[in-house]
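This report covers a zinc site, a helix and a sheet. The sequence and structure come first.

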Amino acid sequence: MFIETTNSKGRCLVATTHIARGSVVASEVPVAASPSPGHCSFCYGSNASKVCTGCRLASFCSVACQRSNWPSHKGLCRQLKAGASIPRSLQPLFALFVAVVDHSSIAVTVDALAADRSRFDSTTIEAFGRMVVARQAALASNAPHPVDSSSTTNPGDAGRQINLLCKISCNAVGISHPSTFEDCGVALFPETIAKANHSCVPNCTLLFDLPSASARLIALQDITPDTELTISYIDAADPFPIRQKDLQSRPTCKGFFQYNPPTIPAPTPCTCCKSTSNPIQPIQTLTSLSKQCTPKDTDPSNLSHLLTLQTRLLSPNSPLTLQTRQRLYSIHLSSANWQSALLLCNEIACTLESIYPPLSPSLGLQYLSLCRLALLVAQDLHPSMYPAILKDANTLMGVAEKAHVVFSTVLGDSHLLTLEAKEKRYELGAFYAAFGVRTGK
Ligand SMILES: [Zn+2]
Ligand SMILES: [Zn+2]
Ligand SMILES: [Zn+2]
């Protein structure tokens, strides 16, 4: 065993021995797991269009997936029916609750976890209360004999179940897809993984196996004994208000995710000429542009202008700058503007390098996207881009190398992403060789 859960620092995981980068520190099978809305209840795929006619909550991507899931879904379908009246965002939590609440041994394990009930506002607690009542009503309406009404209305029991919902909500871990790293569900790992605390610069990451949703805790760097093992609970790419909300219960966190963009001062008129145009002009433009640019904004020139100002006035690596850059990047991708997409992809990789540890899977994915785009631009679409691509030959070969190192360390040599990174490295090498470019490799 590499780790212990200690009480001296509160609930946390601590290394008891040297842990080498890339090692599997712990693996755990979830006591309960649920896909995100729209994801398949069996394989967690994102294209689940077949809805279970029993509960209308679970959905599947194929009849085969539905059949495979039936043995475990059968016992929960009736209760899940109550979930159809619950807000979509709370449905995965409800599914975890249903899987845990009647399972006394699991409920006891989950009950033993830490949870700060003060984190939940009264609206959320009320929503939890409605979930408890909805489940009891679903059970009662389907029971072959009327259920003893005292058991469905016992306020002590309802209070205990609301507490259980708080614990589940505090300790559930997002499942990211093993290939795309997209969020595809939530799961509960009360034994070990729930005890790993958050860090904005974590030394471990979680990888999931589907459809079991079991998790492996992987060291992202060499870890010395007595070091606390941490994971990131949240996504660096989330907008600031979401990250801040996620971290409200972690006031000690001083990392990137708590970074608050500086307040832009109101323009003060110049004392002699009374003009407000100079030198506050760019700040005013930034403020008004920030207001104009909604998350749905699709005007690349607006966003480019905003990006220039954010880079100058905030910082090239500020979360807001990153957010704008990612928005612009996705617009260029969707309009097949590969050349601009390539430049932005590179800038995003640079920003992520300042946020994530060097072996983070998210960073690896960004490197791989960069290689894909570079080859796309160079080989097929824009022969006129050759000079620019060739100029960066060393950098791009370095990126291909980094993508391969990240994936082989974190995912192992036979994983598809590792294989693709390796292939892209060879392809880039072959491309440069064809143009007689020496890459220093
Ligand atoms: Zn499926
Ligand atoms: Zn069902
Ligand atoms: Zn932090």
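## A buried helix

Buried means under 20% relative accessible area, exposed over 50%, and partly exposed in between, with a 1.4 Å probe and protein chains only. Helices (H or I, at least four residues) and strands (E, at least two) are DSSP runs, numbered from the N terminus. The model is predicted: local features need pLDDT of at least 70, side-chain atom pairs count only at pLDDT 80 or more, and totals for chains, interfaces and linings use all residues. Residues are numbered from 1 along each chain as its sequence is written, ligands from 1 in the order in which they are written, and side-chain values use heavy atoms, without hydrogens and water.

Helix H2 spans residues 91-101. Because 11 of its 11 residues are buried, H2 is largely enclosed by the rest of the structure. Among them are Gln-91, Pro-92, Phe-94 and Phe-97.

## The zinc site

Four protein donors hold positions 2.0 to 2.4 Å from the zinc ion (ligand 2): Cys-52 (SG), Cys-55 (SG), His-73 (NE2) and Cys-77 (SG). Donors are N, O and S atoms within 2.8 Å of the metal (3.2 Å for Na, K and Ca). The site is tetrahedral, with angles of 105 to 117° among its 4 donor atoms; the term requires all angles between 85 and 135 degrees. The donor spacing is C-x2-C-x17-H-x3-C.

Cys-55 lies in the loop between strands E5 (50-51) and E6 (59-60), and Cys-77 in helix H1 (residues 63-80), 22 residues apart. Both cysteines are buried.

## The open sheet

Three strands form an open antiparallel sheet in the order E3-E11-E10. Strands pair if DSSP finds at least two bridges between them. E3 (24-28) and E10 (204-209) are the edge strands. E3 joins E11 (residues 214-219) through 4 bridges. Ala-26 has Leu-217 of E11 as its bridge partner.

Key: Tetrahedral: all angles 85-135°; square planar, octahedral: opposite > 155°, others 65-115°.
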